[in-house]
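Here are a few friendly notes to read alongside the model. Please keep the viewer open as you go through them.

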Amino acid sequence: MPDYNHFKFENAGGIARITLSRPKHNVLNIDMMEELNNILAIVQADADVKCVVFYGEGKSWCAGVEVGDHKPELVDKMISVFDSLLQNITNLDVPTIAAVHGSCLGGGMEVAIACDIVIAAESAKFGQPEIKLGFFPPYAVVRLPALVGPGKTIEICTSGKIYSARESFEMGFVGHVVEDDVFSDAVDRLVEEIRYCSPLIIRLNKQAVKMTQNLAFKDAMKTSNNY
């Protein structure tokens with residue numbers, strides 16, 4: 001397995017574990033996102049993978065996207081690479097888990113909500129504060145309405161407010177909140193529940209959920225029964 005500059009990657013026992021590792025706060029830059037896209041291609045091609053877990057090393061899970069990559073000469077490439085990253089996470093055939101501790105802000109929060117499941121330590125913080133820097137969160141405005149509704153999406157994206165893990169859970173974009181001292185164990189238990197299932201059936205279940213969204217009930221049931 002190749003060495004990576006900004007990640008620790010382990011793929012064993014059906015579980016792909018990807019750890020963001022760019023001091024101090026795992027802020028995403030273009031090189032880091034390109035590296036992650038390469039890792040995701042490896043994961044997607046592995047038929048034995050049952051689940052992908054994203055961790056963060058250090059004090060933060062991911063505090064956003066590098067401000068320097070918003071410069072005029074870099075911004076088009078940054079947007080293209082970031083869009084590809086979010087699409088690659090969304091298109092993974094197996095469940096994706098964001099195991100979030102510390103700060104999860106801006107583009108980091110967008111990566112987290114691109115995952116199927118967000119499990120957060122009690123001390124985790126979420127938000128889209130880039131509006132205060134004059135930036136726009138394009139993925140958040142698309143993804144959040146399905147998770148929290150349009151009103152809360154507007155609040156999140158236009159206030160720049162930072163939310164606690166509990167507030168985020170109550171709004172609906174965080175699925176689980178656990179105390180910090182049992183966070184790792186809670187993530188492991190969730191992963192183990194998935195790991196004991198068939199990789200084929202896992203894929204079929206996720207595909208069925210995605211394929212039946214936005215369909216009328218009769219059509220959704222017909223589609224689901226075809227699996």
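Predicted model: local features only at pLDDT ≥ 70, side-chain atom pairs only at ≥ 80, totals over all residues.

1. As general background, nonpolar side chains tend to be buried together in soluble globular proteins.

2. Next, have a look at helix α3 (residues 107–114) beside helix α4 (residues 138–148). Their axes come within 10 Å and cross at roughly 40°, which means that α3 is oblique to α4. The crossing of this pair, α3 and α4, is left-handed.

3. Which residues make the contact of α3 with α4? From α3 they are M109, E110, I113 and A114; α4 brings P138, Y139, A140, R143, L144 and L147. By class, the residues of this contact are 8 nonpolar, no polar and 2 charged.

4. Now follow α4 to its contact with helix α5 (residues 150–159). Here the axes come within 7 Å, with a crossing of roughly 135°, and therefore α4 is oblique to α5. The crossing of α4 and α5 is right-handed.

5. On the α4 side, the contact with α5 is made by A140, V141, L144, P145 and V148, while α5 contributes P150, K152, T153, I156 and C157. The residues of the α4 and α5 contact divide into 8 nonpolar, 1 polar and 1 charged.

6. One detail to check in the viewer is A140 and L144 of α4: they are among the residues in the contact with α3, and they are also among those in the contact with α5.

Notes
Residues numbered from 1 in each chain as written. Heavy atoms only, no water. Axes fitted to C-alpha atoms, helices over the stretch in contact; angles between N-to-C directions. Helix = DSSP H or I, 4+ residues; strand = E, 2+ residues; numbered from the N terminus. Parallel < 35°, antiparallel > 145°, perpendicular 65-115°, else oblique. Left-handed = near helix turned anticlockwise from the far one by under 90°. Contact = heavy atoms within 4.5 Å. Nonpolar A, V, L, I, M, F, W, Y, C, P; charged D, E, K, R; others polar.
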